[in-house]
Amino acid sequence: MSRVPKGKTSSNGRALRVLYNCGKCPAYCCTYDRVNVTRRDITRLAAHFDISYEAAERRYTKITSGDRVLKHRKDHIFKKACVFLDQEKRQCTIYDGRPTVCRGYPYSLRCGYYDFLASERRRQCDDEFIPDA
Ligand code: SF4
Ligand code: SF4
C-alpha cells in the first residue's frame with residue numbers, strides 16, 4: 001500500500017534493502033477489501049482535503065463487517081481498488097495523507113504478491129505481465 005520503494009531499518013539502525021518494487025507493480029495491495037482506518041486516519045484525511053472529520057468519514061470510508069475501511073471503486077485491472085488509487089499511474093493520490101496501515105505495508109522485506117508477480121513475469125518473459133490475481 002505504498003507506491004514508492006521503501007527502505008527498512010534494522011534494529012541497529014542500518015538501512016535494509018527491500019526485495020520488492022512498488023514502482024513495477026499494479027498496486028495489488030490497494031485492492032484489498034479491507035484497508036482499515038482509525039479515527040486518527042480520518043482526521044488526517046480531513047486535513048488533507050481541508051474538510052470536516054464527518055465529511056471525510058462519509059465520503060471516503062464505509063463499514064464492512066463491523067470495521068471502518070476505505071471505499072473502493074471499479075478498476076480496469078483488478079475488479080476494484082481503493083478510491084484513492086490513480087488507476088493509470090497505479091499510485092496513491094493521497095500519499096502524505098494515506099492511512100497508517102498503508103505506510104508500513106508489507107511490514108517485511110518481502111511482498112508476497114511481488115514475489116508472485118516477478119515469478120510470473122520471468123515465466124512469461126514479459127516484464128509487464130499482470131497475472132489474474
Ligand atoms: S503489492 Fe507489494 S509490491 Fe505491489 S504495491 Fe503493494 S507492497 Fe508494493
Ligand atoms: S490510501 Fe493510497 S496507499 Fe492506501 S490503499 Fe488507498 S491508494 Fe493504496
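Predicted model: local features only at pLDDT ≥ 70, side-chain atom pairs only at ≥ 80, totals over all residues.
Axes are lines fitted to C-alpha atoms, for helices over the stretch in contact, and the angles between them run from 0 to 180 degrees between N-to-C directions. Helix α1 spans residues 39–49 and helix α2 spans residues 53–60; their axes come within 8 Å and cross at roughly 100°. Because angles of 65 to 115 degrees count as roughly perpendicular, α1 and α2 are described as roughly perpendicular to each other. On the α1 side, the contact is made by I42, T43, L45, A46 and F49, which meet Y53, A56, E57 and Y60 in α2. Sorted by class, this contact has 7 nonpolar, 1 polar and 1 charged residues.

The loop between α1 and α2 holds D50. This residue is not a glycine, yet it has a positive phi of about 55°. A residue is exposed if 12 or fewer other C-beta atoms lie within 10 Å of its own, so D50, with 8 such neighbours, counts as exposed.

The peptide bond that joins Y105 and P106 is cis, with omega at about 10°. Y107 is also found in the loop between α3 and α4, and has a positive phi of about 60° although it is not a glycine. With 9 other C-beta atoms within 10 Å, Y107 is exposed.

Finally, there is the ligand to consider. Around ligand 1 there are 12 residues, of which C22, C25, C29, C111 and Y114 come nearest. The shell has 12 nonpolar residues, with no polar and no charged ones.

Methods
Residues numbered from 1 in each chain as written. Chains lettered and ligands numbered in written order. Near = placed C-beta within 6 Å. Nonpolar A, V, L, I, M, F, W, Y, C, P; charged D, E, K, R; others polar. Helix = DSSP H or I, 4+ residues; strand = E, 2+ residues; numbered from the N terminus. Parallel < 35°, antiparallel > 145°, perpendicular 65-115°, else oblique. Contact = placed C-beta atoms within 7 Å. Buried ≥ 20, exposed ≤ 12 C-beta atoms within 10 Å, placed from the backbone.
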